[in-house]
Amino acid sequence: MDYSTPPFWTNQPHTNKYAKPKLPSHHVTKATVIVVKNAFYRNAVFDGIFLISPNKIPPLDKAKERVEVECRWFDARLKTRGIRILVDNTNGNAVIDYDYTGDVVCNLAV
């Protein structure tokens, strides 16, 4: 996935509690991803597998932690970085896979 090609964020909603992972997804090979349950971003709550931004792999040593992922918000990207989702590390709700092959979420929208 080339995260640098989508348009920059302009008039996307600031928050939306109904936003969820949207198709199409993107296929990755041998990538570092985070598998999340009940993650948060801008009032949205969702599950999914997300590609972690390069060189931004968190230690996941806190109960709740922000993780930068390469994902769009309503088909737009931020100018300087990927979005930072809030994950709950308790009860196995966030797990990092360092050698994942499969589909990842690339857009959160309604």
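**Walking through the model**

Mentor: Let's start with glutamine 12, which sits in the segment before strand S1 (20–21); strands here are DSSP E runs of at least two residues, helices are H or I runs of at least four, and both are numbered from the N terminus. Bear in mind that this is a predicted model, where local features need pLDDT of at least 70, side-chain atom pairs count only at pLDDT 80 or more, and totals for chains, interfaces and linings use all residues. Residues are numbered from 1 along each chain as its sequence is written, and side-chain values use heavy atoms, with hydrogens and water left out.

Trainee: OK, so is glutamine 12 buried or exposed?

Mentor: Glutamine 12 is buried, because its relative accessible area is 17%. The cut-offs are under 20% for buried, over 50% for exposed and partly exposed in between, using a 1.4 Å probe and protein chains only.

Trainee: And what does glutamine 12 touch?

Mentor: Leaving out residues up to four places away in sequence, glutamine 12 touches Trp73, Phe74 and Ala76. Contact means heavy atoms within 4.5 Å.

Trainee: Switching to cysteines. How many disulfides are there?

Mentor: The count is zero, where a disulfide would be a pair of cysteine sulfur atoms within 2.5 Å.

Trainee: Now charges. How many salt bridges does the structure hold?

Mentor: Two, taking a salt bridge as a side-chain nitrogen of Lys or Arg within 4 Å of a carboxyl oxygen of Asp or Glu. In one of them, glutamate 68 pairs with arginine 84, with the closest N and O atoms 3.7 Å apart. That pair links distant parts of the chain, 16 residues apart: glutamate 68 is in strand S4 (residues 64–69) and arginine 84 in strand S6 (residues 83–88).

Trainee: How accessible are glutamate 68 and arginine 84?

Mentor: Glutamate 68 is buried at 9% relative accessible area, whereas arginine 84 is partly exposed at 35%.

Trainee: Which side chains meet in the salt bridge at 3.8 Å?

Mentor: Those of arginine 72 and aspartate 75, N to O. Arginine 72 is buried, with a relative accessible area of 16%, while aspartate 75 is partly exposed at 42%.
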